[in-house]
Amino acid sequence: MANLMKVPLLDLSIKDPALKEELLAAVARVLDHGRLIMGPEHDEFESQVAAYCGTRHCVGVGSGSAALYMALRALDIGPGDEVVTTPMTWVATTNAIALCGATPVIADIDDGFNIDPGRLETVITKNTKAILPVHFTGHMCDIANIMEITDRRGIPVIEDAAQSFGAEFNARKAGSFGKIGCFSMNPMKVFRGYGEAGAIVTDDAKIAERVRSLRYNGTINKENCREPSINGRLDTIQATMLLVSLSRVDTLIEKRRSIADEYTRQLSDTVGCPVEKPGYLHSYYSYTIVSEYRDALKQHLADNGVETKIQHPFLVTQHDAYRGRIKGNIPNAERLVKQILSIPSHENLEQGELDYVAEQIRNFQLG
Ligand SMILES: *Cc1c(COP(=O)(O)O)cnc(C)c1O
């Protein structure tokens with residue numbers, strides 16, 4: 001036990017003094033001009049995110065949850081409508097559908113944790129008004145097949161790209177394939193703010209305008225309310241810090257990708273490791289392994305100082321709010337939810353820590 005190490009899952013403290021200085025200077029500029037909501041840095045954030053994603057428009061919003069809710073509202077999704085999504089996601093995805101008064105419908109996932117296009121086809125009905133796939137863990141879903149299936153039927157796609165900013169398929173960014181892409185920039189995400197933040201991207205000017213209204217209580221010119229909505233705005237201090245994050249996000253993704261490669265090299269004989277499919281670029285929001293003995297492995301790692309997390313322990317059908325209310329034949333999701341485990345893979349992880357984590361995982365299998 002002499003060489004027990006402590007490896008946290010995530011470390012959000014800022015290690016780089018140059019980064020800290022840049023953030024503080026950015027915040028100071030906002031405090032000086034005083035336009036705290038939707039100031040100039042906020043507009044700059046929107047144009048830079050749109051440029052990064054290759055879309056015509058970006059609308060900054062208060063969170064990923066707000067982005068999803070307003071995206072559905074912008075497509076007039078409401079009572080009587082069905083929206084097809086995945087059972088394996090953060091519950092915000094399903095909540096957005098329910099809050100619109102629509103009915104969430106689920107299709108089973110593939111071994112990459114994403115909605116299986118073959119299963120998707122089987123649950124589409126005449127009431128299906130949108131498809132809401134999630135790019136889980138930072139690897140995009142099979143978006144080409146999903147677009148093919150939905151284009152044929154004229155059903156719009158909203159991408160929940162909350163975990164996948166910067167991920168790609170065929171050199172195109174996550175969020176830019178569907179009618180609307182939704183992002184979260186909360187501090188857990190790879191492209192992170194320093195508090196709650198989100199955005200939607202779209203090529204459709206009308207949708208962008210509608211979301212700009214929806215994010216401020218459904219008002220026009222901040223005065224006349226044309227439809228009930230929430231306050232879902234992004235503040236200028238977040239936006240200015242996000243501009244700093246954006247300038248470094250590709251470097252962070254590169255770092256995470258090399259950590260992932262190294263884990264896969266050391267662990268692929270021992271546990272199920274993430275697989276980057278040809279044509280895809282995985283941004284590694286999480287490095288999620290699969291083990292039949294997940295709970296014992298998690299305990300073994302905890303005993304040896306390694307913090308891990310089940311992301312997420314509940315399928316959408318298993319939350320109290322939705323139990324018995326969402327039907328679906330989802331054997332793959334029901335199996336995988338008992339086997340997934342996210343291990344430390346943040347960009348500040350040092351080689352020695354990585355080697356230690358990998359060694360503990362290999363030891364468990366041998367023991
Ligand atoms: C984080 C996340 C959200 C919600 O984003 P918030 O900014 O936390 O509201 C939605 N969907 C998925 C898949 C997420 O990971």
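In the predicted model, the chain contains 11 helices and 14 strands, and its C-alpha atoms fill a box of roughly 65 × 55 × 40 Å along the principal axes. The radius of gyration of the chain is 21 Å, which agrees with the value near 21 Å that a compact globule of 367 residues would have. Of these 367 residues, 57% count as buried, and among the contacts between residues at least 6 apart in sequence, 72% join residues at least 24 apart.

Helix α1, spanning residues 17–33, is in contact with helix α8, spanning residues 236–267, and the axes of the two come within 9 Å and cross at roughly 150°. Because angles over 145 degrees count as roughly antiparallel, α1 is described as roughly antiparallel to α8. The crossing of α1 with α8 is right-handed. On the α1 side, the contact is made by Ala18, Leu19, Glu22, Leu23, Ala26, Val27, Val30, Leu31 and His33, while α8 contributes Thr236, Ile237, Thr240, Met241, Val244, Ser247 and Arg248. By residue class, this contact comprises 10 nonpolar, 4 polar and 2 charged residues.

Helix α4, formed by residues 92–99, has Ala92, Thr93, Thr94, Ala96 and Ile97 as its buried residues. These buried residues of α4 pack against the helix α3 (64–74) and against the strands β2 (82–85), β3 (103–106), β4 (128–132) and β5 (158–160). After α4 comes Gly101, which has a positive phi near 90°.

Terms used. Residues numbered from 1 in each chain as written. Predicted model: local features only at pLDDT ≥ 70, side-chain atom pairs only at ≥ 80, totals over all residues. Heavy atoms only, no water. Axes fitted to C-alpha atoms, helices over the stretch in contact; angles between N-to-C directions. Helix = DSSP H or I, 4+ residues; strand = E, 2+ residues; numbered from the N terminus. Parallel < 35°, antiparallel > 145°, perpendicular 65-115°, else oblique. Left-handed = near helix turned anticlockwise from the far one by under 90°. Contact = heavy atoms within 4.5 Å. Nonpolar A, V, L, I, M, F, W, Y, C, P; charged D, E, K, R; others polar. Buried < 20%, exposed > 50% of the residue type's maximum accessible area, 1.4 Å probe, protein only. Rg over C-alpha atoms; globule rule 2.2 N^0.38 Å.
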